[in-house]
Amino acid sequence: MSFFSVIIPTFNRAHLIRNAIEAVMLQTFTDFELIISDDGSTDNTEEIITPLLKDSRIIYIKQINKGVCAARNFGAKHASGKYLIFLDSDDTINENWLFDFYSIAEKDCDLVFCSMIVISPNGIEKKTSCLNPYKNGNEKGIFNAGTWAMKRDLFFEIGQYDEQIKYGENTELKFRLFDKQIEFGFVDNYNFIYKESISGGSKQTANKLQSNLHILSKHVAYFNRNPEVRILFLQVSAVSAARLGKRKQAHELFIQAWKTNKNDLKLIIQCLISMVPFLTKLKWKPIVTNVQ
């Protein structure tokens, strides 16, 4: 049994997957297994990976295409490590990523975070510390795949990834941890490098809308305790609906947000704008629908 099981979900990323694998294999801490969880790739992913399987630490598994959450869960079911770490195939890590996780995890923490560097599409780098990621001094920990190591038993105890979610799945996973008595650990080293992609297409926007509405209905108690977070989710959902041309739904979502805080001037303005088709299109530029 390895200390860490690193799980890389992948789908038609043959052009990227080798870089992610090599970054893991170059780690200074070596007590790990690396599971490549292929979500039904139709490119030459398997051809790229097969020669690498000479290293017994690398495991390749494949399922029919079900989405990234299902691929992560599939990998976790095949994992033997005490701790699970998920790494997306287009991100990268520093060589001490696992060693630093281990230095804290060995104290028997349930969940360990590291800090990260975000690289925008135009190459600008921004550092985010796990000790104060939202610059509010209240919340610690970054819930991006690659920024945390969780005990395998805890991952299964909270129900794994929700496979209905196609956007914001790590945030939803975080919500399920709030009611648990968990021992946290933090590594304030920028060991994880997240590469932002150009987003905003209709498919991603539709996924954002569907997933946020699912999260809102799934975690009612949490949002009742945190109305400011509920407003944020409703606003994001409303804007997504508006950009998809669903003005009536957008207006209804803005109304729900306003009812949560009727003194918020911004919400009042958004409700009024969403009543007028011309202003809605002007404020939230529509995108071409390409969802299949």
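Reader: How many salt bridges does a search of the whole structure find?
Author: It finds 14. Keep in mind that this is a predicted model.

Reader: Which residue meets Lys 82 in a salt bridge?
Author: Asp 108 does, at 3.7 Å from N to O. Lys 82 sits in the loop between H3 and E4, and Asp 108 in the loop between helix H4 (97–105) and E6, so the pair ties together parts 26 residues apart in sequence.

Reader: How accessible is Lys 82? And Asp 108?
Author: Lys 82 is partly exposed, at 33% relative accessible area. Asp 108 is partly exposed too, at 40%.

Reader: Which residues are linked with Lys 82 and Asp 108 in a network of salt bridges?
Author: Asp 110 and Lys 151.

Reader: Next pair. What does Glu 139 meet in a salt bridge?
Author: The side chain of Lys 174, at 3.1 Å, N to O. This pair links distant parts of the chain, 35 residues apart: Glu 139 is in the loop between strand E7 (125–128) and strand E8 (148–151), and Lys 174 is in helix H6.

Reader: Is Lys 174 buried or exposed?
Author: Buried, with a relative accessible area of 8%. Glu 139 counts as partly exposed, at 27%.

Reader: What about Arg 225, which side chain does it meet?
Author: Asp 179, in a salt bridge of 3.9 Å, N to O. Here Arg 225 lies in helix H8 (residues 220–225) and Asp 179 in the loop between H6 and E9, 46 residues apart. Asp 179 is exposed, at 63%.

Reader: Switching to helix H3. How many of its residues are buried?
Author: 8 of its 10, so H3 (residues 68–77) is mostly covered. Among the buried ones are Arg 72, Asn 73 and Phe 74.

Reader: What covers them?
Author: The cover includes strands E1 (4–10), E2 (32–38), E3 (58–62) and E4 (83–86). Helices H5 (152–157) and H6 (169–177) are part of the cover as well.

Reader: Now E9. In which sense does E6 pair with it, parallel or antiparallel?
Author: Parallel, over 9 bridges. Val 112 stands opposite Gly 185 in E9.

Reader: And E5 with E9?
Author: Those run antiparallel, joined by 2 bridges. Thr 92 stands opposite Ile 193 in E9.

Reader: Last one, His 214. Where is it, and why does it count as buried?
Author: His 214 is in helix H7 (residues 202–218). It counts as buried because its relative accessibility is 18%, and the cut-off is under 20%. Leaving out residues up to four places away in sequence, His 214 touches Asp 162, Gln 164 and Ile 165.

Note on methods. Residues numbered from 1 in each chain as written. Predicted model: local features only at pLDDT ≥ 70, side-chain atom pairs only at ≥ 80, totals over all residues. Heavy atoms only, no water. Helix = DSSP H or I, 4+ residues; strand = E, 2+ residues; numbered from the N terminus. Buried < 20%, exposed > 50% of the residue type's maximum accessible area, 1.4 Å probe, protein only. Contact = heavy atoms within 4.5 Å. Pairing = 2+ DSSP bridges. Salt bridge = Lys/Arg side-chain N within 4 Å of Asp/Glu carboxyl O.
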